[in-house]
Amino acid sequence: MNTGTFWDIIDTARAASGQDKPIEQALADSLAALGPQDILEYQQRFDDMHAALYRRDVWAAAYLIGGGCSDDGFIDFRAGIIAQGREWYEKVAMSPDSLAGHPAVAS
């Protein structure tokens, strides 16, 4: 699966999520509409992007934002960055300090 298709799936899930449907449910619904090979390719792309955020500077940002960050918390934090979409993923990958401008952090 190419990067554009991966982010299209994330964007579709984000658009379908809301008060009554959390993003993880919307993402599960989007993935359920795909074939087995596409699901496996999605998972591989997710794993690669998730692993790319496994860095000390990203963990430091997670620690500061959350007032601490366990191993499990950092797994969830990185998945949350991916769930924010391509723009925020790329900002954080370039400079984790950019999270200071995210609405959920700035408020």
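F6, W7, Y42, F46 and Y89 form a cluster in which the residues are linked by ring pairs. Across the whole structure, a search finds eight aromatic pairs.

A pair of aromatic rings is described by the distance of the centres and the angle of the planes. Take F6 and W7, whose ring centres lie 5.0 Å apart. Their planes meet at 80°, and an angle over 60 degrees counts as edge-to-face, so this pair is edge-to-face. Both F6 and W7 are buried.

A further aromatic pair is made by Y54 and F74, with 5.8 Å from centre to centre and 50° between the planes, and this pair is tilted. Y54 lies in the loop between helix 3 (36-52) and helix 4 (56-66), while F74 belongs to helix 5 (residues 71-83). The two are 20 residues apart, and the pair links distant parts of the chain.

F74 has 0% relative accessibility, and buried means under 20%, so F74 counts as buried.

A ring can also have a charge over it, as at W88. The charged end of K91 sits over the ring of W88, at 4.2 Å from the ring centre.

The last point is confidence. The protein chain has a mean pLDDT of 94, and 98% of its residues reach 70 or more. Within the chain, confidence is highest in helix 3, at 97, and lowest in helix 7 (residues 103-106), at a mean of 74. Where pLDDT is low, the predicted coordinates should not be read in detail.

Notes. Residues are numbered from 1 along each chain as its sequence is written. This is a predicted model: local features need pLDDT of at least 70, side-chain atom pairs count only at pLDDT 80 or more; totals for chains, interfaces and linings use all residues. Side-chain values use heavy atoms; hydrogens and water are left out. Rings of Phe, Tyr and Trp (its six-membered ring) pair if their centres lie within 6.5 Å; planes under 30 degrees apart count as stacked, over 60 as edge-to-face and the rest as tilted. Buried means under 20% relative accessible area, exposed over 50%, partly exposed in between (1.4 Å probe, protein chains only). Helices (H or I, at least four residues) and strands (E, at least two) are DSSP runs, numbered from the N terminus. A charge sits over a ring if NZ of Lys or CZ of Arg is within 6 Å of the ring centre and within 35 degrees of the ring normal. pLDDT is the predictor's confidence in each residue, from 0 to 100.
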